[in-house]
Amino acid sequence: MANKVKLQKQYNDHMAEKAERKARKKKVRLKKLPLTLLKYAVLIFTAAVILLPLVVVFLGSFKGHEEFLTTGVFELPKNLNFDNYVRAFVDGKMSLGFFNTVIILFASIIATVLTGTMTAYIINRFKFPGRGMISNLFLVASLIPSITMQMSVFQIINKMGLFNTRWSTILLFAGTDIISIYIFLQFLENISYSLDESAIMDGASYFKVYRKIILPLLKPAIVTVIIIKGVGFYNEFYTPYLYMPSSDLAVISTALYKFTGPYGSQWEIICAGIVITLLPTLIIFLLLQKQIYAGMTQGSVKE
């Protein structure tokens with residue numbers, strides 16, 4: 001009987017403690033409720049700011065010219081008009097734009113990865129006079145606005161005979177990439193020097209160490225750079241427009257520029273072209289989102 005009373009008391013104490021914990025949690029939640037509501041309000045507002053322009057572009061891409069000018073931006077199109085997509089793709093030479101974009105993107109990323117990893121490898125692994133000064137100069141170069149150097153850069157590209165060629169854009173995209181060097185340097189800090197020393201003691205050259213050890217271990221950093229620079233190259237308008245004015249060298253960001261002019265712009269066709277431009281990046285993101293998130297997060301925490 002005494003044991004039964006004792007057990008009943010323990011049970012009552014446990015239930016009372018449980019109820020007290022529940023009340024404390026509820027009280028904490030009520031205190032955090034305004035902050036939680038504010039957080040969700042900011043997220044909803046940010047999502048609306050990002051998505052509403054895309055909705056306007058998507059709806060406008062199905063409207064005719066007169067309908068686009070006379071109806072509201074959020075009004076549904078009366079009829080689904082796919083002529084805008086045909087004109088954007090054919091008259092805007094979107095296929096040629098995709099072709100030039102892929103060539104420039106592929107060559108630029110390869111050059112960026114090779115020059116970035118080699119430069120970071122030399123700065124991180126080798127001790128030489130002026131090493132710290134070179135690292136600081138890279139930092140200073142990244143802080144200088146690129147627009148202030150456009151006149152001299154344009155003259156250099158023109159004197160080299162690269163103006164109005166794909167090589168001008170490829171060279172500029174690959175040669176001004178300071179951020180990737182610092183990304184690779186950050187990852188190299190986590191790679192032990194003992195791996196290099198062991199390979200060199202076994203007779204490996206410095207280039208073999210770079211090719212067999214450094215490059216494979218830098219895969220997360222390479223993925224990060226490809227994501228960041230790939231998106232930047234794909235969205236770039238100013239450099240291709242300035243250095244490749246020929247219509248045969250138009251990239252995806254400049255292909256639709258011909259639909260603007262002094263007598264008005266055909267915005268419905270431009271909207272269709274924007275939707276076509278978004279599709280490749282959307283498909284790539286949906287297929288590779290796990291790899292993208294992994295590439296952006298790996299190496300961010302030092303072990």
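**Close-up 1. Residue contacts between helices H4 and H11.** In this view, Phe-98, Thr-101, Leu-105, Ser-108, Ile-109, Thr-112 and Val-113 of H4 meet Ile-222, Val-225, Ile-226, Lys-229, Gly-230, Phe-233 and Tyr-234 of H11, where contact means heavy atoms within 4.5 Å and helices are DSSP runs (H or I, at least four residues) numbered from the N terminus. The residues of this contact divide into nine nonpolar, four polar and one charged, with Gly counted as polar. The model is predicted, and local features need pLDDT of at least 70, while side-chain atom pairs count only at pLDDT 80 or more. Residues are numbered from 1 along each chain, and side-chain values use heavy atoms.

**Close-up 2. Crossing of H4 and H11.** The axes of H4 (residues 94-125) and H11 (residues 219-235) come within 10 Å and cross at roughly 145°, the axes being lines fitted to C-alpha atoms over the stretch in contact, with angles from 0 to 180 degrees between N-to-C directions. The crossing is right-handed.

**Close-up 3. A nonpolar surface patch.** Phe-45, Val-49, Ile-50, Leu-51, Leu-54, Ile-274 and Leu-278 together expose about 640 Å² of accessible area (Shrake-Rupley method, 1.4 Å probe). H1 (2-60) gives the largest share, five residues.

Note on methods. Helix = DSSP H or I, 4+ residues; strand = E, 2+ residues; numbered from the N terminus. Left-handed = near helix turned anticlockwise from the far one by under 90°. Patch = residues over 30% accessible without salt bridge, like charges linked within 9 Å, V, L, I, M, F, W, Y side chains within 5 Å. Salt bridge = Lys/Arg side-chain N within 4 Å of Asp/Glu carboxyl O.
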